[in-house]
Amino acid sequence: MSLLSIFLFLNAVVFSAHGLSSAELPAFREAPAFRNGRECPKTTWLSSLNNYHDPSIIHIAMTLDATYLRGSVAGVLSVLQHAACPENVVFHFIATHRRADLRRTITSTFPYQTFHLYHFNTDLVKGKISSSIRRALDQPLNYARIYLADLLPMSVRRIIYFDSDLILVDDVAKLWNINLGAHVLGAPEYCHANFTNYFNSRFWSNSACAASLRGRRACYFNTGVMVIDLGKWREGKYTERLEYWMKVQKKYRIYELGSLPPFLLVFAGDVEGVGHRWNQHGLGGDNLEGLCRDLHPGPVSLLHWSGKGKPWLRLDSKRPCPLDYLWAPYDLYRHSSLFCDS
């Protein structure tokens, strides 16, 4: 083998080890410029001013990676298109790799929008992640939501966290303005769901684990849509509380569902309930087959393709579910470019 061949092989190994790819990111059309109406308050936000807080600014956190970038872009477009004051929305994107490429993509797609891009150091979760029922749930970036209070500047006192497989069809300000009261976190709760299913027999047979939920009216909630008081989160050291259950999981394996169960163990029974319209989740089917599903009864403000099936993949494969056509108008992907979602 020549020296050049050896060099190229080692380069490929390094890229693979870091989850990088020499392939181009998908290309997107430029989104329209969304402007505030006359009734919108004037705002200014500088991340460098740690003590500056403007309650008129809506802060939204999302993750960015090559696999889900198409979904993230559609989600951003949906937020802006339905916002009464889109210029008052600031996006906080979190990424592990290819940050320069991702920044160029967001800048060219949304040239008029304020956003910030943060690096998520995967060493934070090294040795803390256990395998789950779906590989996508095991990715370090899936755990970035646990570290928002550390990643974002102190001037961000409240954040909405959105997954990358959802779209809004309503003004995000309505979600932003919910009253959290004394709670750290707000989300739609689903108390009819069988809470015991989110943990295995090893959890329920361990007296210390089972006791952690005693006396709590614990209800399931989906962590793909959350409103979080970051001030209370920081004061209560909730990142450490979540990490505690990740360590218990590594030792005893008490659940199978990625980053969700630690949130349930820490917050279930202490969540400010939000209307179900703000997370019509499960549209991607279950975590194994990703079959088509219908909407839950009631009004809809947000559609969420949680589960295995993603609308862009099903549309491209010519096997869409009926509700995938509701996602399609927000897809800015340039179909002239080929992109393999792995």
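Me: Are Phe195 and Phe199 buried or exposed?
Reply: Happy to look, keeping in mind that this is a predicted model. A residue counts as buried when its relative accessible area is under 20%. For Phe195 and for Phe199 the answer is buried.

Me: Which residues do ring pairs link into a cluster with Phe195?
Reply: A search of the whole structure finds 20 aromatic pairs. Ring pairs join Phe195 into a cluster.

Me: Is the pair of Phe91 and Phe93 stacked or edge-to-face?
Reply: Phe91 is buried, with a relative accessible area of 1%, and Phe93 is buried with a value of 1%. Their ring centres lie 5.7 Å apart. Planes under 30 degrees apart count as stacked. The planes here are at 5°, so the pair is stacked.

Me: Which ring has the charged end of Arg241 over it?
Reply: Good one to check in your viewer! The charged end of Arg241 is 4.1 Å from the centre of the ring it sits over. That ring belongs to Tyr238.

Me: Within what arc do the buried residues of H3 fall, seen down its axis?
Reply: Helix H3 spans residues 99–109, and its buried residues are Leu102, Thr105, Ile106 and Thr109. They line one face of the helix because, seen down the axis of H3, they fall within an arc of 90°.

Me: What covers the buried residues of H3?
Reply: Both helix and strand elements are involved. The cover includes helix H2 (69–82), strand S2 (89–95) and strand S3 (115–119).

Key:
Residues are numbered from 1 along each chain as its sequence is written. This is a predicted model: local features need pLDDT of at least 70, side-chain atom pairs count only at pLDDT 80 or more; totals for chains, interfaces and linings use all residues. Side-chain values use heavy atoms; hydrogens and water are left out. Buried means under 20% relative accessible area, exposed over 50%, partly exposed in between (1.4 Å probe, protein chains only). Helices (H or I, at least four residues) and strands (E, at least two) are DSSP runs, numbered from the N terminus. The arc is that of the directions from the helix axis to the C-beta atoms. Contact means heavy atoms within 4.5 Å. Rings of Phe, Tyr and Trp (its six-membered ring) pair if their centres lie within 6.5 Å; planes under 30 degrees apart count as stacked, over 60 as edge-to-face and the rest as tilted. A charge sits over a ring if NZ of Lys or CZ of Arg is within 6 Å of the ring centre and within 35 degrees of the ring normal.
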